[in-house]
Amino acid sequence: MTETKLLQANNFISKQLLDRADWRKPLYHFSAPVGWINDPNGLIFFQNKCHLFYQYNPYSTQWDDMHWGHAVSNDLLHWENLPVALAPDHDYDKSGVFSGSAIEKDGRLYLMYTGHVVDQGIVTETQNIAYSDDGIHFQKYAGNPVIDARQLPTGSLTSDFRDPKLFAYNDRYYAVVASAKDGHGQILLFQSEDLLQWRFTSTLLDSRPELGIMAECPDLFQTSNGHWGLVFSAIIGDGQPNVVHLASGDINWETATFDLAKISVLDQGPDFYAPQSFAYHGKRILIPWLRNDRLLDFLGKQGHTWNGQMGIPRQLSIVNDVLYQEPFLDLPASYDNQSFVIETKKPVAFAGKIIISSNSGLLTGDELIFDNDSGDSIRLKRQSLTRYELNLHLATFTHQQELTIADPVRIQKLDILIDNSSLEIFINQQVAASFVIYPKSALQRMSYQGSSCFIGRKFKL
């Protein structure tokens, strides 16, 4: 039965692939060959490859029938698509294989994921294991589910119990799992000696407004200074936008409690959600899903056969409870990049895709403009020492937003990444803002307005 469902998905994908250009498709952000994608899953460096699994509906550009798609990379910028890894084909996951994570044990790759079941209107979610020796073909554990309602603390909803993130610490395995109780989000901690037998340990975080009505996709990891970071994606409710937070602090392992020091918003843009991180060559690398809630069906309605993309991998670090993040471009020293200077009224041309890095940034009053001949424009202006203003004026929508810098004393480093249908901005390694954009035609010019000039480096893609 498993093979039939997987073959059905993979055969459908191969028949749908078309040899045609799609100028909206990103070049250096991951997107699936066809179909809908959302949350990144199972990020891991395994057998000398970076593995990205993801929530996937190969049959439509809309969310439904969740599988696990799969891709690998050597540099986190160029991806090779692999066969679909998991399909909803057992009684405990028949309505969808939902988000989860990966870990290596004794040379074998283990996935823990949420089995989603809807039966006569009743939703039940459980946690399940699949494993692989080659990192491509997966076998679901015969003893699934490995965590179900029997291990939940009293009052927790079995309909909102998902997104396990695995990690190892002190010769044990742990999983943080999203949950809800009494209309509020909570994050639960489970432990195991073998990845197969699990027991509830503690409620790691609850009773905070930042958790919303559900805190999805929790991700707990130890930082380089020995402290801990806990990322979660909060559904706030009441029509408010979802927010991704990072809670920093320490864990008392004797009581399995999280001693909270600070909670920060991870990304100031509206289109950043469900990120997951992993350890890569001693660095903490995080990849999010990028989506525009107002335009979720835009691509499908425009005749595109794909929908959804991942954000650029970013490196996280926490120093003195301050979060720093920057785009992670794992490029060799010989990689082609060119320095440039933009003066007023002397634009730099590009074709929809560009990566810019500047160690001088913008002076107060300076402005960068990206535009095309169709009337679309993106304008980033530095208003003061601590504040930037971003204006998106696109055929599909307009948006204005302030980006606030907490520590203006640091070097004014500015990174801007445009990839046909996405925009990401990093300022001072502190501010990050992510957007899904749909201009009428590809952006083609970068201009500067100010009293001096803008100096940076442009990466050849």
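**Reading cavities and rings**

Modeller: Start inside the protein. About 80 Å³ of space lies in the second largest cavity. Keep in mind that this is a predicted model.

Biologist: Which residues are closest to the centre of the second largest cavity?

Modeller: They are Gly100, Asp163, Cys217, Pro218 and Gln276, out of 13 lining residues.

Biologist: Which strands each supply at least two residues of that lining?

Modeller: Five strands are on the list: strand 1 (35-46), strand 5 (97-105), strand 9 (161-169), strand 13 (214-222) and strand 17 (272-280). Next, sort the lining of the second largest cavity by class.

Biologist: What does the lining of the largest cavity have by class?

Modeller: Nine nonpolar residues, four polar and one charged.

Biologist: Arg291 came up there. Where does Arg291 lie relative to Trp289?

Modeller: Over the face of the Trp289 ring, 5.7 Å from the ring centre.

Biologist: Now ring against ring. What describes a pair of aromatic rings?

Modeller: Two values do: the distance of the centres and the angle of the planes. The count for this structure is 24 aromatic pairs. Take Tyr174 and Trp253. Their centres are 4.9 Å apart and their planes make an angle of 50°.

Biologist: Why is the pair of Tyr174 and Trp253 called tilted?

Modeller: Stacked needs an angle under 30 degrees and edge-to-face one over 60, so 50° counts as tilted.

Biologist: Where in the chain do Tyr174 and Trp253 sit?

Modeller: Tyr174 is in strand 10 (172-181), and Trp253 is in the loop between strand 15 (243-252) and strand 16 (257-265). They are 79 residues apart, so the pair links distant parts of the chain.

Biologist: Is Tyr174 buried or exposed?

Modeller: Buried, because its relative accessible area is 6%. Trp253 is partly exposed, because its relative accessibility is 23%.

Biologist: Which residues form one aromatic cluster with Tyr174 and Trp253?

Modeller: Phe167, Tyr169 and Trp228.

Methods:
Residues numbered from 1 in each chain as written. Predicted model: local features only at pLDDT ≥ 70, side-chain atom pairs only at ≥ 80, totals over all residues. Heavy atoms only, no water. Phe/Tyr/Trp six-rings, centres within 6.5 Å; stacked < 30°, edge-to-face > 60°. Helix = DSSP H or I, 4+ residues; strand = E, 2+ residues; numbered from the N terminus. Buried < 20%, exposed > 50% of the residue type's maximum accessible area, 1.4 Å probe, protein only. Lys NZ or Arg CZ within 6 Å of the ring centre and 35° of its normal. Nonpolar A, V, L, I, M, F, W, Y, C, P; charged D, E, K, R; others polar. 1 Å grid on protein atoms, 1.4 Å probe; cavity = no way out; pocket = protein on both sides within 12 Å on 5 of 7 lines; lining within 4 Å. Points joined across faces, edges and corners; volume = space filled by probe spheres on them.
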